[in-house]
Amino acid sequence: MNNTVTKTQNFMRAATVDIVLLAVACLVPTLSHAFALPLYQLNPMLLVLLASMLLVSDRRNAFLLAVLLPVVSMITVGMPTPMKALCMVPEMLTIVAVSSLTLGKVSGYFGRMGCMVVAILCGKAVYYALKAVLIGGALVTTPWLMQALVVVLAAGLFAAFCKK
(Lines give C-alpha, C1' and ligand atoms only; values in the text may rest on other atoms or scores of the structure.)
Protein backbone atom coordinates (compact mmCIF):
# COMPACT_ATOMS: atom_id res chain seq x y z
CA MET A 1 0.00 0.00 0.00
CA ASN A 2 2.70 2.47 1.00
CA ASN A 3 4.71 1.72 -2.15
CA THR A 4 1.64 2.41 -4.31
CA VAL A 5 1.05 5.73 -2.57
CA THR A 6 4.69 6.71 -3.06
CA LYS A 7 4.56 5.81 -6.77
CA THR A 8 1.35 7.78 -7.18
CA GLN A 9 2.85 10.78 -5.36
CA ASN A 10 6.00 10.61 -7.49
CA PHE A 11 3.91 10.40 -10.66
CA MET A 12 1.74 13.35 -9.62
CA ARG A 13 4.82 15.41 -8.71
CA ALA A 14 6.48 14.60 -12.04
CA ALA A 15 3.29 15.40 -13.96
CA THR A 16 2.92 18.72 -12.16
CA VAL A 17 6.55 19.64 -12.82
CA ASP A 18 6.16 18.68 -16.48
CA ILE A 19 3.01 20.74 -16.95
CA VAL A 20 4.60 23.80 -15.36
CA LEU A 21 7.79 23.42 -17.40
CA LEU A 22 5.87 22.88 -20.64
CA ALA A 23 3.91 26.05 -19.91
CA VAL A 24 7.16 27.93 -19.31
CA ALA A 25 8.61 26.61 -22.57
CA CYS A 26 5.50 27.73 -24.44
CA LEU A 27 5.51 31.12 -22.75
CA VAL A 28 9.04 32.00 -23.89
CA PRO A 29 8.22 32.46 -27.61
CA THR A 30 5.19 34.54 -26.63
CA LEU A 31 7.28 36.78 -24.39
CA SER A 32 9.98 36.96 -27.02
CA HIS A 33 7.52 38.30 -29.59
CA ALA A 34 5.72 40.57 -27.13
CA PHE A 35 8.90 42.31 -25.99
CA ALA A 36 10.94 41.92 -29.21
CA LEU A 37 13.67 40.07 -27.32
CA PRO A 38 15.59 37.19 -28.93
CA LEU A 39 15.01 34.87 -25.95
CA TYR A 40 15.46 31.85 -28.22
CA GLN A 41 19.20 32.59 -28.09
CA LEU A 42 19.15 31.51 -24.44
CA ASN A 43 18.06 28.02 -25.57
CA PRO A 44 15.02 27.95 -23.26
CA MET A 45 14.06 24.37 -24.10
CA LEU A 46 17.49 23.18 -22.99
CA LEU A 47 17.10 25.09 -19.73
CA VAL A 48 13.63 23.64 -19.19
CA LEU A 49 14.91 20.12 -19.91
CA LEU A 50 17.76 20.53 -17.43
CA ALA A 51 15.36 21.91 -14.82
CA SER A 52 13.21 18.83 -15.31
CA MET A 53 16.21 16.57 -14.83
CA LEU A 54 16.98 18.35 -11.56
CA LEU A 55 13.41 18.38 -10.26
CA VAL A 56 12.37 14.85 -11.24
CA SER A 57 14.95 12.14 -10.68
CA ASP A 58 13.30 9.59 -13.01
CA ARG A 59 15.14 9.80 -16.35
CA ARG A 60 12.13 8.30 -18.14
CA ASN A 61 10.41 11.57 -17.37
CA ALA A 62 13.30 13.51 -18.93
CA PHE A 63 13.09 11.38 -22.09
CA LEU A 64 9.34 12.05 -22.28
CA LEU A 65 9.83 15.77 -21.79
CA ALA A 66 12.61 15.78 -24.43
CA VAL A 67 10.00 14.67 -26.95
CA LEU A 68 7.15 16.81 -25.63
CA LEU A 69 8.95 20.16 -25.32
CA PRO A 70 9.49 20.88 -29.04
CA VAL A 71 6.25 19.20 -30.11
CA VAL A 72 3.96 20.93 -27.60
CA SER A 73 5.63 24.29 -28.21
CA MET A 74 5.29 23.85 -31.97
CA ILE A 75 1.61 22.94 -31.67
CA THR A 76 0.65 25.63 -29.16
CA VAL A 77 2.69 28.66 -30.23
CA GLY A 78 4.06 27.72 -33.64
CA MET A 79 7.68 27.78 -32.54
CA PRO A 80 9.81 25.93 -33.40
CA THR A 81 8.78 25.23 -36.96
CA PRO A 82 7.90 21.57 -37.67
CA MET A 83 11.27 20.85 -39.32
CA LYS A 84 13.21 22.43 -36.47
CA ALA A 85 11.11 20.51 -33.96
CA LEU A 86 12.01 17.36 -35.87
CA CYS A 87 15.68 18.26 -35.35
CA MET A 88 15.23 19.30 -31.72
CA VAL A 89 13.64 16.07 -30.47
CA PRO A 90 16.73 13.93 -31.21
CA GLU A 91 18.92 16.75 -29.83
CA MET A 92 17.04 16.70 -26.52
CA LEU A 93 16.97 12.90 -26.41
CA THR A 94 20.73 12.85 -26.97
CA ILE A 95 21.31 15.25 -24.09
CA VAL A 96 19.27 13.09 -21.72
CA ALA A 97 20.89 9.85 -22.94
CA VAL A 98 24.49 11.08 -22.76
CA SER A 99 24.00 12.73 -19.38
CA SER A 100 22.27 9.61 -18.03
CA LEU A 101 25.18 7.45 -19.15
CA THR A 102 27.90 9.71 -17.79
CA LEU A 103 26.67 11.55 -14.69
CA GLY A 104 26.76 8.49 -12.44
CA LYS A 105 30.42 7.93 -13.25
CA VAL A 106 31.73 11.26 -12.01
CA SER A 107 31.73 13.19 -8.80
CA GLY A 108 32.12 16.79 -7.83
CA TYR A 109 31.03 19.99 -9.44
CA PHE A 110 33.49 20.00 -12.35
CA GLY A 111 32.84 16.34 -13.13
CA ARG A 112 29.09 16.95 -13.36
CA MET A 113 29.64 20.15 -15.31
CA GLY A 114 31.95 18.38 -17.75
CA CYS A 115 29.38 15.64 -18.30
CA MET A 116 26.69 18.18 -19.04
CA VAL A 117 28.91 20.15 -21.42
CA VAL A 118 29.65 16.92 -23.31
CA ALA A 119 25.96 15.93 -23.33
CA ILE A 120 24.84 19.34 -24.60
CA LEU A 121 27.56 19.43 -27.26
CA CYS A 122 26.58 15.94 -28.43
CA GLY A 123 22.98 17.15 -28.63
CA LYS A 124 24.02 20.22 -30.61
CA ALA A 125 26.02 18.02 -33.01
CA VAL A 126 22.91 15.90 -33.61
CA TYR A 127 20.76 19.02 -34.08
CA TYR A 128 23.09 20.68 -36.57
CA ALA A 129 23.64 17.46 -38.51
CA LEU A 130 19.90 16.94 -38.85
CA LYS A 131 19.35 20.61 -39.64
CA ALA A 132 21.96 20.45 -42.42
CA VAL A 133 20.30 17.40 -43.95
CA LEU A 134 16.63 18.27 -43.45
CA ILE A 135 16.51 22.06 -43.64
CA GLY A 136 19.71 23.39 -45.19
CA GLY A 137 20.08 27.14 -45.53
CA ALA A 138 21.81 29.09 -42.79
CA LEU A 139 23.01 26.38 -40.46
CA VAL A 140 23.84 28.60 -37.47
CA THR A 141 21.48 31.45 -36.65
CA THR A 142 22.44 32.02 -33.01
CA PRO A 143 25.98 33.40 -32.64
CA TRP A 144 28.55 30.78 -31.57
CA LEU A 145 29.68 32.89 -28.62
CA MET A 146 26.13 33.09 -27.27
CA GLN A 147 25.72 29.34 -27.70
CA ALA A 148 29.00 28.65 -25.90
CA LEU A 149 27.99 30.96 -23.06
CA VAL A 150 24.61 29.24 -22.68
CA VAL A 151 26.22 25.78 -22.74
CA VAL A 152 28.73 26.67 -20.03
CA LEU A 153 26.19 28.51 -17.86
CA ALA A 154 23.53 25.82 -18.22
CA ALA A 155 26.01 23.04 -17.45
CA GLY A 156 27.40 25.01 -14.52
CA LEU A 157 23.96 25.65 -13.05
CA PHE A 158 22.99 22.03 -13.53
CA ALA A 159 26.18 20.86 -11.82
CA ALA A 160 25.64 23.27 -8.93
CA PHE A 161 22.13 22.00 -8.21
CA CYS A 162 22.59 18.33 -9.15
CA LYS A 163 22.53 16.07 -6.10
CA LYS A 164 24.17 13.05 -7.75
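Which helices each supply at least two residues of the nonpolar patch? I will come to that in a minute. What I am showing is a predicted model, so please hear every value as computed from that model.

Let me start with the patch. Met83, Leu86, Val133, Leu134 and Ile135 form a nonpolar patch on the surface. Together they have about 430 Å² of accessible area. The answer to the opening question is α4, residues 82-102, and α5, with at least two residues from each. One of the patch members, valine 133, is in helix α5. Valine 133 has a relative accessibility of 68%, over the 50% cut-off, so it counts as exposed.

Now α5 itself, which runs over residues 108-134. How does the span of α5 compare with what its 27 residues should give? At 1.5 Å a residue the helix should span 39 Å, and its end C-alpha atoms are 39 Å apart, so the two agree. Just after α5 comes glycine 136, with a positive phi of about 70 degrees.

One set of residues in α5 is buried: Arg112, Met113, Cys115, Met116, Ala119, Ile120, Gly123, Lys124, Tyr127, Tyr128 and Lys131. Note that the list includes Arg112, Lys124 and Lys131. Which helices do the buried residues of α5 pack against? They pack against α2, α4 and α6.

Take tyrosine 127 as an example from that helix. Its relative accessible area is 11%, which is under the 20% cut-off, and therefore it is called buried. Setting aside neighbours within four places in sequence, tyrosine 127 is in contact with Lys84, Cys87, Met88 and Glu91.

The largest nonpolar core has 37 residues, and Leu49, Leu50 and Leu69 touch the most other members. Two or more residues of this core come from each of α1, α2, α3 (59-77), α4, α5 and α6 (144-161). The helix that gives the most is α5, with 7 residues. As for leucine 49, its contacts beyond four places in sequence are Ala62, Leu65, Ala66, Leu69, Met92, Ile95 and Val96.

Then the loops. Between α1 (2-35) and α2 (44-55) there is a loop that holds glutamine 41. Is glutamine 41 buried or exposed? It is buried, because its relative accessible area of 17% falls under 20%. Not counting residues up to four places away in sequence, glutamine 41 touches Thr142, Pro143, Met146 and Val150.

Asparagine 43 is in the loop between α1 and α2 as well. Asparagine 43 has a relative accessibility of 14% and counts as buried. Its phi is positive, at about 50 degrees, although it is not a glycine. Most residues other than glycine have a negative phi, and most peptide bonds are trans.

That brings me to the last item. Where is the cis peptide bond involving proline 80? It runs from methionine 79 to proline 80, with omega near 0 degrees. Proline 80 is in the loop between α3 and α4.

That is all I have; questions are welcome.

Definitions and conventions: Residues are numbered from 1 along each chain as its sequence is written. This is a predicted model: local features need pLDDT of at least 70, side-chain atom pairs count only at pLDDT 80 or more; totals for chains, interfaces and linings use all residues. Side-chain values use heavy atoms; hydrogens and water are left out. Helices (H or I, at least four residues) and strands (E, at least two) are DSSP runs, numbered from the N terminus. Buried means under 20% relative accessible area, exposed over 50%, partly exposed in between (1.4 Å probe, protein chains only). Contact means heavy atoms within 4.5 Å. Patches are made of residues with over 30% relative accessible area and no salt bridge: like charges are joined within 9 Å, nonpolar side chains (Val, Leu, Ile, Met, Phe, Trp, Tyr) within 5 Å. Accessible areas come from the Shrake-Rupley method with a 1.4 Å probe; for residues, only the protein chains shown count as cover. A salt bridge is a side-chain nitrogen of Lys or Arg within 4 Å of a carboxyl oxygen of Asp or Glu. A nonpolar core is a set of buried Ala, Val, Leu, Ile, Met, Phe, Trp, Tyr and Cys residues joined through side-chain atoms within 4.5 Å. The expected span of a helix is 1.5 Å times one less than its number of residues.
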